[in-house]
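Please look through the model below before reading on. The numbered points that follow are meant to guide a first careful reading.

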Amino acid sequence: CMMSAQQMLKVFVTRRIPQEGMKILKKAGMCNLSVWDSDEPVPRAELLKGVADAHGLLCLLSDKIDAEVLNAAGPNLKVISTLSVGFDHLAIDEIKKRGIRVGYTPDVLTDATAELTVALLLATARRLPEGVEEVKNGGWSTWKPLWLCGYGLSGSTVGVIGLGRIGLAIARRLKPFGVKRLLYTGRQPKPQAQEVDGEYVPLDTLVRESDFVVVSCSLAPDTQSLCDKTFFSKMKKTSIFINTSRGAVVNQEDLFEALSSGQIAAAGLDVTTPEPLPTSHPLLTLKNCVVLPHIGSATYSTRGVMSALTANNLLAGLTGSEMPSELKL
């Protein structure tokens with residue numbers, strides 16, 4: 001049964017999202033949907049206008065949801081549902097203060113993101129983008145013993161910073177390559193680490209001893225600019241740095257310095273600050289830096305499931321029922 005227009009709950013959707021989610025929202029018949037109908041992010045002014053009097057907000061990681069947005073929304077706002085597992089774009093304290101519930105999308109994107117991390121690690125370590133470029137520009141002359149040599153995983157030490165859902169999934173996938181030691185660091189030891197023979201070590205030990213340093217922690221005050229000059233100076237000259245978490249975990253100026261001076265061998269990034277990274281950015285001049293446009297969870301199937309979960313989280317928040325994936329505030 002359809003509700004009458006005045007009973008319909010206003011929902012602002014900050015972008016076009018995969019149709020799986022839109023179908024669910026429309027079928028529910030309780031939402032008066034207002035969508036920023038574009039593939040580009042909603043301008044700040046339009047976001048502030050769009051959320052006015054909304055009961056629900058469906059947003060993306062590119063939308064900064066702070067006190068200003070929450071104030072613009074007003075007292076109706078009951079739920080914020082984000083199409084992401086990360087929530088560093090949400091002012092959690094402000095949201096909690098107002099008693100607003102938050103839905104997010106953990107678990108469903110773990111496999112896709114872990115897969116992409118392994119792909120990026122291998123592409124960086126074995127210099128795939130460089131190789132493709134050499135084939136295209138005529139740099140490939142004959143077989144040469146040391147040309148385009150890189151680093152392998154067999155017998156290596158891998159360090160995972162943040163052995164959460166995604167970190168563990170990355171470790172599981174890397175182990176069969178013949179990784180000798182798997183080190184990890186985080187706030188506390190994880191019982192699940194046993195499954196991959198993970199050794200809980202101080203960050204300093206991980207950085208010094210790893211051949212591959214993989215960052216998969218969340219962005220929080222204690223991880224902001226965690227990977228800086230001091231960090232890179234401790235890494236082996238032959239080691240490879242991979243980040244698929246959030247760009248702000250890395251000081252990019254310091255990373256550029258480490259890569260251009262040969263302090264570390266190479267880096268692969270799926271996340272940067274800002275996103276998109278300007279085409280004139282110094283990191284993009286380096287052969288030993290592989291940058292991807294934040295495609296960690298980008299498989300058709302994963303994005304479809306994320307969209308559906310985001311919609312179902314939103315509906316549960318509107319009806320005051322249990323959310324499939326609620327962020328515990």
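**Notes on the predicted model**

1. According to an unreviewed UniProt entry, the feature "domain: D-isomer specific 2-hydroxyacid dehydrogenase catalytic" is placed at residues 11–326. Please keep in mind that everything below is read from a predicted model. Within that model, the span of residues 11–326 is 34% helix and 15% strand, and its end C-alpha atoms lie 18 Å apart.

2. How do helix α5 and helix α7 cross? The axes of α5 (residues 110–125) and α7 (residues 165–174) come within 9 Å, and they cross at roughly 55°. The crossing in which α5 passes α7 is right-handed. On the α5 side, the contact is made by Thr110, Asp111, Thr113, Ala114, Glu115, Thr117, Val118 and Leu121, while α7 contributes Arg165, Ile166, Ala169, Ile170, Arg173 and Leu174.

3. The cysteines deserve a separate look. A disulfide is a covalent bond between the sulfur atoms of two cysteines, and a search of the whole structure finds zero of them. For Cys217, the nearest cysteine sulfur belongs to Cys227 and is 6.9 Å away, whereas a disulfide requires a pair of cysteine sulfur atoms within 2.5 Å. Cys217 counts as buried because its relative accessible area is 13%, and buried means under 20%. Cys149, with a relative accessible area of 38%, is instead partly exposed.

4. The cis bond that joins Thr273 and Pro274 has an omega of about -10°, and for the cis bond that joins Glu275 and Pro276 omega is about 0°.

5. Asp53, in the loop between α2 (44–50) and β3 (56–59), has a phi near 65°, which is a positive value in a residue other than glycine. Asp197 has a phi near 50°, again a positive value in a residue other than glycine, and it is found in the loop between β7 (181–185) and β8 (198–200).

6. Is Asp197 buried or exposed? Its relative accessible area is 54%, and exposed means over 50%, so Asp197 counts as exposed.

How values were computed
Residues numbered from 1 in each chain as written. Predicted model: local features only at pLDDT ≥ 70, side-chain atom pairs only at ≥ 80, totals over all residues. Heavy atoms only, no water. UniProt positions renumbered as here; feature names shortened; annotations may be inferred. Helix = DSSP H or I, 4+ residues; strand = E, 2+ residues; numbered from the N terminus. Buried < 20%, exposed > 50% of the residue type's maximum accessible area, 1.4 Å probe, protein only. Axes fitted to C-alpha atoms, helices over the stretch in contact; angles between N-to-C directions. Left-handed = near helix turned anticlockwise from the far one by under 90°. Contact = heavy atoms within 4.5 Å.
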